[in-house]
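Biologist: I am new to this structure. Could we go through it together?
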Amino acid sequence: MPVYTVHAPTGNGADLAATDKFAFVRDGFHFWAAVASVIWLAWHRLWLALFGWIVLTFAIDFALAWLGVGRGAIFFVDLVLALLMGLEAASLRRWTLSRRKWRQLDIVVADCEEAAERRFFERWTAGHRGLVNDQRSVDRGAPPPTRTIPGQPFSKAPPLPQGGIIGLFPEPGGSR
């Protein structure tokens, strides 16, 4: 199932009145970023990444041509670069959002972006009204904390299972 990260602008733009500005970035492979990298980067207004992508591809293609590498090998390298762009497209969006001082509010698992929005806003409005203006963020569904009060020292080590051994061999010195 796809995983989405939810980002909001910092400052006054992160309240309930500005929820239309929230960005949902799907993690995973982006087909159109791999097929049409320049257009995809421009569409998402990733200008610095677009400039870097153009410079990188021209520099690599020029260096390979200067070294006398065949056209087939250059095409293969360009294909590998396109696959890398498809794999790293979401990371470039998150990096650009963080450069623009946006902050990550949540991580949502959903079938599509619409379901991710619905799931995020249901959880956000139910238990965290107005917390985005604070420095706190929405519960990310992490495991429960190991201490009951923030700042309190960690509790003792978790108890061992019944046999006292963790791993593949339930008995000390048992057969392998």
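Modeller: We can begin with the largest pocket: α4 gives the largest share of its lining, 3 residues. Helices are DSSP runs of H or I with at least four residues, and strands are runs of E with at least two, numbered from the N terminus. This is a predicted model, where local features need pLDDT of at least 70 and side-chain atom pairs count only at pLDDT 80 or more, while totals for chains, interfaces and linings use all residues. Residues are numbered from 1 along each chain, and side-chain values use heavy atoms, without hydrogens and water.

Biologist: Which residues line the largest pocket?
Modeller: Among them are Lys21, Trp43, Arg93, Thr96 and Trp102; lining residues have an atom within 4 Å of a pocket point. A pocket is an open set of points on a 1 Å grid over the protein atoms alone, where a 1.4 Å probe fits, with protein on both sides within 12 Å along at least five of seven lines.

Biologist: What is the volume of the largest pocket?
Modeller: The largest pocket has about 210 Å³, counted as the space filled by probe spheres set on the points.

Biologist: And which element gives the most to the lining of the second largest pocket?
Modeller: That is β2, with 3 residues. The second largest pocket holds about 180 Å³.

Biologist: Changing topic, at what angle do α3 and α4 pack?
Modeller: Helix α3 (residues 47-66) and helix α4 (residues 71-99) pack at about 160°, with axes 10 Å apart. Axes are lines fitted to C-alpha atoms over the stretch in contact, and angles run from 0 to 180 degrees between N-to-C directions.

Biologist: Why are they called roughly antiparallel?
Modeller: Angles over 145 degrees count as roughly antiparallel, so α3 and α4 are roughly antiparallel to each other.

Technical notes:
Angles under 35 degrees count as roughly parallel, over 145 as roughly antiparallel, 65 to 115 as roughly perpendicular and the rest as oblique.
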